[in-house]
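Please take a moment to look over the sequence and the model before reading on.

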Amino acid sequence: MLDPVQTVACGGLFLIAGYAIRARVPLLSRFSIPAPVIGGLLVALALLACRQWKVTPVHFDTAFQQPLMIAFFTAIGFNASTSLLKVSGRQIVLFLGLATGLAVVQNLVGIGLATAFGLPPLFGVITGSVTLAGGPATGLAFAPLFTQAGVQGAPSVALANAMAGIICGSVIGAPLATMLIERLKLRTPQSLDVAGSAPAMPPPAPAAAAANAASAEEQTYAGLRSFVLILLAMGIGAWISGGLGALGLTLPSYIGAMLVGALIRNVDDHLGWFGLSLRSIDIIGNASLSLFLVVALMNLHLWDLTGLAMPLLVNLGVQSIVVVAFCCWPLWWLMGRDYDAAVMASGFVGFMLGTTANAMAVMSSLTERFGPAPRAFLVAPIVGAFLIDFTNAIVITFFINGWK
């Protein structure tokens, strides 16, 4: 039996192993499979093999899994700045509205298919926006709530559906956009400030600016301040989540902390009280996410998926068709019917079936071939990286409370 510290340390080793394996296997890099998923699955598959021999070599104490997950979503909250909406704000709001609407559709489709297979409606929700629009992190974060609601093997179902969605999002996104660009002969922007596009992104800072970078002591203090603010948001957020739970609302434990993080960020944007270091916050958030995922997957019971292969495959096939149809209309029409809209459609497929990493990889492959798409790279990452996490959490909570 490994204690919590030993479990996280073991997770860190397999996280590094996951990065090494992905670097050496081109197929994994091509589909942007997260390194924590690779490392965690190695352990889960090894435990599955040992189970066939009726051997249990190790037990993990995952007590730190929950705090790591909350820390990640708190960092997401710190990125939710209302000032970002001032840049191409209308398109960001519209794109977010489309993504949120599709999240609702994903859950309705999932519920319909789950009912057809004789499974509980909440099985359709966890194979809907929880793991498709949300990805593996959201799926594993919500899994305990679905387990409590009676969905057997919820963590394993969440992982399987999220991983399959990542592959589909990577495979479908680029061909869809390429078809739109070539068949409709869309004109590629020749510069970043063409008419109708987003304002040009500022050029890289000159080398002289690097000489004025903060000292090592200042950077250390910025990191410490960010770490303390994340802990503060987690502490206050726990009270908020507890209060909402007392009102009878079924919510993931990170909601309160994420809301506090967003509040601190926007107060700092307007008043400058906290002097946030977004780079430090991103580092802490990404590290927390990686460790949370690898620890969660190490303790995954893959044998719980027995008998669910067919429902999962049918659900994923139907959901992929729905996402592609949604991209061709209404997203394509409402986002401008131009080259940027086509690139946005590829990113939309990427994060509505997989993760934002998939979306960025697909969009980058398109711009390398056809040319820059500044508006797409402004709108899609803002929505896919964190705004959809807020609205999707609300959608998921509504469905859990409605069908539990």
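Is Ile264 buried or exposed? In this predicted model, Ile264 has a relative accessible area of 8% and is therefore buried, since buried means under 20%. Ile264 is found in helix H11, which covers residues 255-271, and, leaving aside its neighbours within four places in sequence, it is in contact with Phe78, Leu229, Ala233, Phe274 and Leu276.

Turning to the rings, a search of the whole structure finds 8 aromatic pairs. One of them joins Phe72 and Phe73, whose arrangement is edge-to-face, with 4.9 Å centre to centre and 65 degrees between the planes. Phe72 is buried at a relative accessible area of 10%, and Phe73 counts as buried at 1%. The rings of Phe398 and Phe399 have their centres 5.6 Å apart and their planes at 90 degrees, so this pair is edge-to-face; here Phe398 is exposed, with a relative accessible area of 57%, whereas Phe399 is buried, with 3%. Phe72 and Phe73 also belong, with Phe142 and Tyr254, to one aromatic cluster.

Side chains of opposite charge can pair when their charged atoms come close. A search of the whole structure finds 3 salt bridges. In one of them, the side chains of Glu182 and Arg369 meet at 2.8 Å, N to O; because Glu182 lies in helix H8 (residues 154-183) and Arg369 in helix H15 (residues 356-370), the pair ties together parts that are 187 residues apart in sequence. Glu182 is partly exposed, with a relative accessible area of 41%, and Arg369 is exposed, with 55%.

Asp338 forms a salt bridge with Arg375, the closest N and O atoms being 2.4 Å apart. Since Asp338 lies in the loop between helix H13 (309-334) and helix H14 (339-353), and Arg375 in helix H16 (residues 374-403), this pair ties together parts that are 37 residues apart in sequence. Back in helix H11, Asp269 and Arg265 are 4 residues apart, which means that about one helical turn separates them, and their side chains meet in a salt bridge of 3.1 Å, N to O.

Note on methods: Residues are numbered from 1 along each chain as its sequence is written. This is a predicted model: local features need pLDDT of at least 70, side-chain atom pairs count only at pLDDT 80 or more; totals for chains, interfaces and linings use all residues. Side-chain values use heavy atoms; hydrogens and water are left out. Rings of Phe, Tyr and Trp (its six-membered ring) pair if their centres lie within 6.5 Å; planes under 30 degrees apart count as stacked, over 60 as edge-to-face and the rest as tilted. Buried means under 20% relative accessible area, exposed over 50%, partly exposed in between (1.4 Å probe, protein chains only). Helices (H or I, at least four residues) and strands (E, at least two) are DSSP runs, numbered from the N terminus. Contact means heavy atoms within 4.5 Å. A salt bridge is a side-chain nitrogen of Lys or Arg within 4 Å of a carboxyl oxygen of Asp or Glu.
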